[in-house]
Amino acid sequence: ERHTNRLLNPALSGGLPDFLVEGKGLNSGLMVSQYSAAALVSENKILAHPAVVDSISVSADQEDHVPMAMTSALKLVDIIRNTQIVIAVELMCAAQALDFKKPLKPGKGTRAAYDFIRQRLSFLKNDRPLHKDIRSIESIVVDGSLVDAVESATGRIDI
């Protein structure tokens with residue numbers, strides 16, 4: 001989300017327009033998508049609170065340590081889902097930012113990611129509801145097809 005903030009803030013973005021849209025005052029651009037990402041990051045901070053601190057003794061106080069493992073696992077599922085959406089918002093903003101940096105040419109991996117994203121998402125010229133855009137890009141994060149598209153241009157990415 002902090003990457004998204006840098007892209008949307010003209011004081012930090014190296015000359016990109018406010019909220020990655022032209023028409024200051026008329027369009028809010030990708031600003032609202034950052035609100036969503038920031039809210040999800042804040043929720044992740046809450047979810048990251050260790051469930052084990054809420055341990056309660058059980059079994060007539062014979063068991064004094066209950067690790068709350070299932071609660072932790074369920075929280076992790078929510079954190080992963082939230083993070084996938086935050087990454088989708090960042091990717092949307094990155095693609096929009098690249099459009100404003102033309103005629104500069106990105107590297108082949110970045111170009112492959114950009115092209116793959118732009119097959120699903122058009123340039124944001126005027127405000128529109130962004131939930132479908134976010135879901136579309138989230139789907140390529142979740143299913144791994146974005147990484148596949150990049151690796152087809154660069155070769156296998158080892159992490």
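Contact here means heavy atoms within 4.5 Å. Helices (H or I, at least four residues) are DSSP runs, numbered from the N terminus.

## Basis of the model

This is a predicted model, in which local features need pLDDT of at least 70 and side-chain atom pairs count only at pLDDT 80 or more, while totals for chains, interfaces and linings use all residues. Residues are numbered from 1 along each chain as its sequence is written, and side-chain values use heavy atoms, with hydrogens and water left out.

Two packed helices are described by the angle between their axes and the distance between the axes. Axes are lines fitted to C-alpha atoms, for helices over the stretch in contact, and angles run from 0 to 180 degrees between N-to-C directions.

Helix α2 spans residues 31–47 and helix α3 spans residues 69–100; they pack at about 155°, and their axes are 9 Å apart. Helix α2 is therefore roughly antiparallel to α3 (angles over 145 degrees count as such). On the α2 side, the contact is made by S33, Q34, A37, L40, V41, E43, N44, I46 and L47. On the α3 side, K75, D78, I79, N82, T83, I85, V86, V89 and C93 take part. By class, this contact of α2 with α3 has ten nonpolar, five polar and three charged residues. Ala, Val, Leu, Ile, Met, Phe, Trp, Tyr, Cys and Pro count as nonpolar, Asp, Glu, Lys and Arg as charged, and the others, Gly among them, as polar.

## Helices α3 and α4

Helix α4 covers residues 108–118, and its axis comes within 10 Å of that of α3, crossing at roughly 105°. Helix α3 is therefore roughly perpendicular to α4 (65 to 115 degrees). L91, A95, Q96, L98 and D99 of α3 meet T110, Y114, I117 and R118 of α4. Five nonpolar, two polar and two charged residues make up this contact.

The buried residues of α4 (buried means under 20% relative accessible area, with a 1.4 Å probe and protein chains only) are G109, A112, A113, Y114, F116, I117 and R118. They pack against α3, α5 (131–142) and α6 (145–154).

## Residue N27

N27 sits in the loop between α1 (2–8) and α2. With a relative accessible area of 15%, N27 is buried. Not counting residues up to four places away in sequence, N27 touches V21, E22, K125, N126 and D127.

Polar atoms of the N27 side chain lie 3.4 Å from the backbone oxygen of K125 and 3.0 Å from the backbone nitrogen of D127.

Note on methods. Helix = DSSP H or I, 4+ residues; strand = E, 2+ residues; numbered from the N terminus. Parallel < 35°, antiparallel > 145°, perpendicular 65-115°, else oblique. Buried < 20%, exposed > 50% of the residue type's maximum accessible area, 1.4 Å probe, protein only. Polar contact = N/O pair within 3.5 Å; in protein donor to acceptor, adjacent residues only side chain to side chain.
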